[in-house]
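Biologist: Please walk me through this one feature by feature. I would like the general idea first, then the case at hand.

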Amino acid sequence: MAAAADGMTADQLLGYEIPGKRLVLVRGQLVVRELASFSHGTLSLRIGIALSTHLSREREQQGWSTTRGRLVVADPGFTLARSPDTAWVTPCGDSRAASTR
């Protein structure tokens, strides 16, 4: 993939690493963020469990074969847009591992 005229691509972002930081690509521009705190992780898990429980109960009540959505934790990387790219990659993540199928 050729580099975006406005900055780096999501594929180029995969080659970068700043220990202890979350790297985000916004319209081709690298943005360095702090990692989430322990309390943030705890709250995220509680919300995820509540959402998962709700979706499972709804599926059972409606008689659906699948739920209306899919839940993921924040660990995978995601490419949200292309040309210029917008993506987020965790310190041990790989944005190519994320799938929207």
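Modeller: Start with Asp-85, in the loop between β3 (78-81) and β4 (86-89). Keep in mind that the model is predicted.

Biologist: Is Asp-85 buried or exposed?

Modeller: The cut-off for buried is under 20% relative accessible area. Asp-85 has 2%, so the residue counts as buried.

Biologist: Which backbone nitrogens does the side chain of Asp-85 reach?

Modeller: Look for N or O atoms within 3.5 Å, one able to donate a hydrogen and the other to accept it. The Asp-85 side chain reaches the backbone nitrogen of Ala-10 at 2.6 Å. The backbone nitrogen of Ser-83 is reached too, at 3.2 Å.

Biologist: With which residue does Asp-85 form a salt bridge?

Modeller: The general idea comes first. Side chains of opposite charge can pair when their charged atoms come close. Here the partner of Asp-85 is Arg-82, with the closest N and O atoms 3.0 Å apart. Arg-82 is partly exposed, at 43% relative accessible area.

Biologist: Where does Ser-83 lie, and how is it classed?

Modeller: Ser-83 sits in the loop between β3 and β4. Exposed means over 50%. Ser-83 is at 66%, so it is exposed. Now look across the sequence. Ser-83 and Gly-7 are 76 residues apart along the chain, yet their C-alpha atoms are separated by 9.4 Å.

Biologist: How many salt bridges are there?

Modeller: The rule asks for a Lys or Arg side-chain nitrogen within 4 Å of an Asp or Glu carboxyl oxygen. By this rule the count is three. One of them joins the side chains of Glu-34 and Lys-21, at 2.4 Å from N to O. Glu-34 lies in strand β2 (residues 29-34) and Lys-21 in strand β1, so this pair ties together parts 13 residues apart in sequence.

Biologist: How exposed are Glu-34 and Lys-21?

Modeller: Glu-34 is exposed, with a relative accessible area of 56%. Lys-21 is partly exposed, at 23%.

Biologist: Which residue does the side chain of Glu-58 meet in a salt bridge?

Modeller: Glu-58 meets Arg-68, at 2.9 Å from N to O. This pair links distant parts of the chain, 10 residues apart: Glu-58 is in helix α2, Arg-68 in the loop between α2 and β3. Glu-58 is buried, at 14% relative accessible area. Arg-68 is exposed, at 59%.

Biologist: What end-to-end distance should helix α2 span?

Modeller: Multiply 1.5 Å by one less than the number of residues. Helix α2 covers residues 38-62, 25 residues in total, so it should span 36 Å. Its end C-alpha atoms are 36 Å apart, which agrees.

Biologist: What follows α2?

Modeller: Gly-63 does, with a positive phi near 75 degrees.

Biologist: Which way do residues along a helix point?

Modeller: An α-helix has 3.6 residues a turn, so residues three or four places apart point the same way. Leu-55 is buried, with a relative accessible area of 14%. Its C-alpha lies 7.8 Å from that of Gly-69, 14 residues away in sequence.

Biologist: Which residues make up the largest nonpolar core?

Modeller: Look for buried nonpolar residues joined through side-chain atoms within 4.5 Å. The largest such core has six: Met-8, Ala-10, Leu-13, Leu-23, Leu-25 and Ala-87. The elements giving two or more residues to this core are α1 and β1.

Biologist: What about the surface? Which residues make a nonpolar patch there?

Modeller: A patch takes residues with over 30% relative accessible area and no salt bridge. Here Tyr-16, Ile-18, Leu-30 and Val-32 make one of about 330 Å². Take Tyr-16, in the loop between α1 (10-13) and β1 (21-26). Its relative accessible area is 46%, so it is partly exposed.

Biologist: Last, the overall layout. How many helices and strands are there?

Modeller: The protein chain has two helices and four strands. Along the sequence they follow the pattern α-β-β-α-β-β. Of the 101 residues, 20% are buried.

Key
Residues numbered from 1 in each chain as written. Predicted model: local features only at pLDDT ≥ 70, side-chain atom pairs only at ≥ 80, totals over all residues. Heavy atoms only, no water. Patch = residues over 30% accessible without salt bridge, like charges linked within 9 Å, V, L, I, M, F, W, Y side chains within 5 Å. Areas by Shrake-Rupley, 256 points an atom, 1.4 Å probe, with all protein chains shown as cover. Buried < 20%, exposed > 50% of the residue type's maximum accessible area, 1.4 Å probe, protein only.
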